[in-house]
Amino acid sequence: MTRIVSGTWRGRRLVVPGGGVVRPTAERVREAWLSIVGPELSAARVVDLFAGSGALGLEALSRGAAHATFVEMQANSLTALRANVATLGAERQVAIHRGDAIRFAADLPAGAFDVALADPPFSSDFAQQLVTVWRAVPFASVLAVEHSRKTELEGGTTRRWGDIAVTFFRAS
């Protein structure tokens with residue numbers, strides 16, 4: 001279990017996918033991360049790539065985003081995500097896409113979203129692939145990518161919390 005840390009749904013519990021495949025973003029990291037992008041969240045169109053339980057996108061909605069699009073491939077994660085959306089009564093504010101997050105992002109036009117949040121598996125190079133896609137076509141004004149502290153994503157501003165890092169990129 002994890003919970004929404006701020007906003008209208010503060011304290012509401014979320015289910016996380018079983019099986020130990022998903023590594024939910026720690027609440028303290030999510031709180032700091034969403035506070036950094038907080039000024040951009042008011043009435044924003046948000047995309048949560050590699051959504052897992054949807055905690056990042058749901059946190060953004062709780063803090064004032066108008067709509068969140070979730071992209072996730074794993075069936076157990078989609079089940080948890082749908083349950084969380086239903087628990088919060090957020091069905092009208094969300095769209096859920098089952099599929100590859102990199103491919104989804106690569107098909108987006110420039111400016112499709114205001115804020116993009118991504119928490120790809122650390123055991124892959126998906127974080128770097130996503131940044132490369134965004135640099136080619138900035139599909140969001142702000143891209144924030146969680147990654148291992150050991151991974152360097154050039155050209156953004158990186159914040160670190162223990163073994164976790166989030167790098168923020170802003171379109172010019």
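**Entry 1**

I looked up Glu59 and found it buried, at a relative accessible area of 0%; buried means under 20% relative accessible area, exposed over 50%, and partly exposed in between, with a 1.4 Å probe and protein chains only. The model is predicted, and local features need pLDDT of at least 70, side-chain atom pairs count only at pLDDT 80 or more, while totals for chains, interfaces and linings use all residues. Residues are numbered from 1 along each chain as its sequence is written, and side-chain values use heavy atoms, with hydrogens and water left out.

Glu59 lies in helix α3; helices (H or I, at least four residues) and strands (E, at least two) are DSSP runs numbered from the N terminus. I then checked the whole helix: eight of the eight residues of α3 are buried, among them Leu56, Leu58 and Leu61. Gly64 follows α3 and has a positive phi near 115 degrees.

I listed the contacts of Glu59 (heavy atoms within 4.5 Å). Leaving aside neighbours within four places in sequence, they are Arg3, Ile4, Val5, Ser6, Arg30 and Leu34. A polar atom of the Glu59 side chain lies 2.9 Å from the backbone nitrogen of Ser6.

**Entry 1: the sheet**

I traced an open sheet of seven strands with mixed pairing, in the order β5-β4-β3-β6-β7-β9-β8; two strands pair if DSSP finds at least two bridges between them. Its edge strands are β5 (94-98) and β8, each of which pairs on one side only. Neighbouring strands are turned by 15 degrees against each other on average, direction ignored. Axes here are lines fitted to C-alpha atoms, for helices over the stretch in contact, and angles run from 0 to 180 degrees between N-to-C directions.

Strands β6 (residues 113-118) and β7 (residues 140-148) run parallel and are joined by five bridges.

Helix α3 (residues 55-62) touches β3 (45-49), β4 (67-72), β5 and β6, and its direction makes about 180 degrees with that of β4. Helix α4 (residues 75-88) touches β4 and β5, with its direction at about 170 degrees to that of β5.

I moved to β8, which runs antiparallel to β9 (residues 164-170) and is joined to it by five bridges. Arg160 has Ala165 as its bridge partner in β9. The hairpin of these strands has two residues between them, and Gly162 takes a positive phi near 60 degrees.

Thr158 is found in β8 (residues 157-161). I classed Thr158 as partly exposed because its relative accessibility is 23%. Its contacts, neighbours within four places in sequence aside, are His147, Leu153, Ala165, Val166 and Thr167. With Thr167, I found a side-chain to side-chain polar contact at 2.7 Å; such a contact is a pair of N or O atoms within 3.5 Å, where within protein one must be able to donate a hydrogen and the other to accept it, and residues adjacent in sequence count only if both atoms are side-chain atoms.

**Entry 2: the protein overall**

I counted six helices and nine strands in the protein. Buried residues make up 47% of its 172 residues. Among contacts with a separation of 6 or more, residues 24 or more positions apart account for 63%. The C-alpha atoms fill a box of roughly 35 × 30 × 30 Å along the principal axes.
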